[in-house]
Number of protein chains: 2
Amino acid sequence: MTELYLEDLHVGDRFESGTFAVTEKGIVDFAQDFDPQPFHLDLDAASRSVFEGLVASGWHTAAMSMNLFVTGGLRLAGGSIGLSVDELQWPRPVRPGDMLRLNTEIIEMRPSQSKPDRGIIRIRNVTTNQNGQVVQIFSAWVLARRRPAAERSI
Amino acid sequence: MTELYLEDLHVGDRFESGTFAVTEKGIVDFAQDFDPQPFHLDLDAASRSVFEGLVASGWHTAAMSMNLFVTGGLRLAGGSIGLSVDELQWPRPVRPGDMLRLNTEIIEMRPSQSKPDRGIIRIRNVTTNQNGQVVQIFSAWVLARRRPAAERSI
């Protein structure tokens, strides 16, 4: 897949991802390492919680969404380097058996004032489940390289 | 450790965490699952990247910080349920051998208008490394339960 530079991108461009299958083991493994709370770890305890069943940690949903972003349609030259996140919400829980998918839109772009080889783009990533329900909304500023001058003149 | 209710908390309260040791294996394992980019996966490729060495995915830093939060001093009754994040930055990379620590401050509090059994608190979580350098800044609204009336009257 072609690597994209700032010059290749436009506000309003949209990109699709593949899919990520959520498993009970994946939810529990992530929680053991990073978010050891009963509603992420144990089916019985989770059924008695406010979630009424096992749910993924929000940070697990964010991590799975990052996988979909990195392997999706917006392949930035030099890699996807997030600078800051200014919105991250989990409107619905993610559960075992869910199949996640990510939709990315470029909502803002700025060339760097100080560094002529780069710019920043603001993206909005929306993660949905197999029923089209939104499980995560995420906006962030990401680094985008400018195409090197040598390549630009070809 | 005592579980804390909205009534126990005050703007300005601060909480310390334990420590989280960052390993090369931890960085690579997380990246393979969630952020498969060369500067998170491979020492040689990472040394040629903008980071000049292997660095943790920002989402791995967020996940390790969640571990420190959940196991730290602010033990919320009913668990730590994040509602929305409005700031997440990674001012410095996290590298193998780093020892992370989290400092939490309550910066805002609101009782729920519609649900008398709960409120929300806004927390600012700052993750530092062994040299006291900030590696992540994170602000979020988190659910806080009100103490049940039966317990309140005791």
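Some conventions before we start: residues are numbered from 1 along each chain as its sequence is written, and chains are lettered from A in the order in which they are written. Because the model is predicted, local features need pLDDT of at least 70 and side-chain atom pairs count only at pLDDT 80 or more, while totals for chains, interfaces and linings use all residues, and side-chain values use heavy atoms, with hydrogens and water left out.

Let me begin with the symmetry. With copies superposed by least squares on the C-alpha atoms of residues with pLDDT of at least 70 in both, chain B can be laid on chain A with an RMSD of 0.0 Å by a turn of 180° and a shift of 0.0 Å along the axis. The two copies are thus related as by a two-fold rotation axis. Among the residues of chain B, the one that comes closest to that axis is Asp86(B), at 2.5 Å for its C-alpha.

Now the interface itself. Taking contact as heavy atoms within 4.5 Å, 34 residues from chain B and 34 residues from chain A take part. Between them the chains bury about 2,600 Å², of which 69% is on carbon and sulfur atoms; buried area here is the accessible area (1.4 Å probe) that two parts lose on being put together, summed over both. On the chain B side, Phe34(B), Trp59(B) and Val85(B) lose the most area to chain A, together 26% of what that side buries.

Helices (H or I, at least four residues) and strands (E, at least two) are DSSP runs, numbered from the N terminus, and two strands pair if DSSP finds at least two bridges between them. Strand S2 (residues 82–89) of chain A and S2(B) pair in the antiparallel sense over four bridges, and in this pairing Ser84(A) stands opposite Gln89(B).

Finally, which residue forms a salt bridge with Asp86(A)? That partner is Arg122(A), with the closest N and O atoms 3.1 Å apart. Arg122(A) lies in strand S4 (residues 118–128) of chain A and Asp86(A) in strand S2 of chain A, so the pair ties together parts that are 36 residues apart in sequence.

Notes:
Salt bridge = Lys/Arg side-chain N within 4 Å of Asp/Glu carboxyl O.
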